[in-house]
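Here are my notes on this structure. Please read them with the model open beside you.

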Amino acid sequence: MTTTEIKTNDRATAEATTVRPNPTTAAPRLNFAKAAPKAFRAVIGLDAAAREGLDPALVELVQIRASHLNRCAYCLHMHTTDARRAGESEDRLHMVAVWQEADHFFTAREQSALALTDAVTRIGDAGVPDEVYDRAAAHFTEEELAHLLALIFTINTWNRIALSTAKRAGTDER
C-alpha cells in the first residue's frame, strides 16, 4: 500500500468513525463572540482585510468550497445564501462541490482560486503543491494572492469556530 493509499484510507476511516454533534439536539455550547470578544474581533478584522480587492463573487465561491471541505453546514448555508443574494446562479452554486469536473462553470481565475482553496484547506494531506500555487499566481497579482490566502485562512478559522461551538445551519447568527 502506498503512502497516498494509506492517507486516503486513514481519512475515510476517520470520516466514517467521526462523531459530530447533532446541532438540533446538542446542548448549546459557548458563544465564542461573548467568551473571547478580542479574538472574535481579530478574526472579523482579518476577514475584512482579506476581502479587500477581491471580487465578491470569488470570495463567496472560496468560502463555499472551504465550507464543503470542512463539512461546515453553518458556514455553507450562510455563504450560499449570501451568494444568492449577490446574484450568483444556482447552477454555479451546485457545481462548487464538484468544480474540477464542472470546470466550464468557472473562469480560469476562479478555478485557480478553488484549487488553492482545496490545497490550503487540506494542507495536511500534501501541503500546497507548486503547480497549484503557480497556477493561482498566474491569475492574481501578488497583493491579490496574499488576500486570497488570507481569505482561505479566515474561512477555515470560521469553519472551525462554527464546528467546535456546534453552530446550527440556518440560524446565520453573525
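Which helix does T80 lie in? T80 sits in helix α5, residues 73-85. Helices here are DSSP runs of H or I with at least four residues, numbered from the N terminus.

1. Ground rules. This is a predicted model: local features need pLDDT of at least 70, side-chain atom pairs count only at pLDDT 80 or more, and totals for chains, interfaces and linings use all residues. Residues are numbered from 1 along each chain as its sequence is written, and side-chain values use heavy atoms, with hydrogens and water left out.

2. T80. Its relative accessible area is 12%, so T80 counts as buried (under 20% relative accessible area, 1.4 Å probe, protein chains only). A polar atom of the T80 side chain lies 3.2 Å from the backbone oxygen of H77. Leaving out residues up to four places away in sequence, T80 touches I64 and L93 (heavy atoms within 4.5 Å).

3. Aromatic rings. There are 2 aromatic pairs (ring centres within 6.5 Å, using the six-membered ring of Trp). F40 and W158 pair edge-to-face (planes over 60 degrees apart), at 5.4 Å centre to centre and 70° between the planes. F40 belongs to helix α3 and W158 to helix α10, 118 residues apart. F40 and W158 are both buried. Together with F32, they form one aromatic cluster.

4. Nonpolar cores. The largest has 27 residues (buried Ala, Val, Leu, Ile, Met, Phe, Trp, Tyr and Cys joined through side-chain atoms within 4.5 Å). V62, L116, L148 and L151 have the most contacts inside it. Helices α4, α7, α9 and α10 each supply at least two of its residues. Another core, of 11 residues, lies apart from it and includes V43 and Y74.

Methods: Rings of Phe, Tyr and Trp (its six-membered ring) pair if their centres lie within 6.5 Å; planes under 30 degrees apart count as stacked, over 60 as edge-to-face and the rest as tilted. Buried means under 20% relative accessible area, exposed over 50%, partly exposed in between (1.4 Å probe, protein chains only). A polar contact is a pair of N or O atoms within 3.5 Å; within protein, one must be able to donate a hydrogen and the other to accept it, and residues adjacent in sequence count only if both atoms are side-chain atoms.
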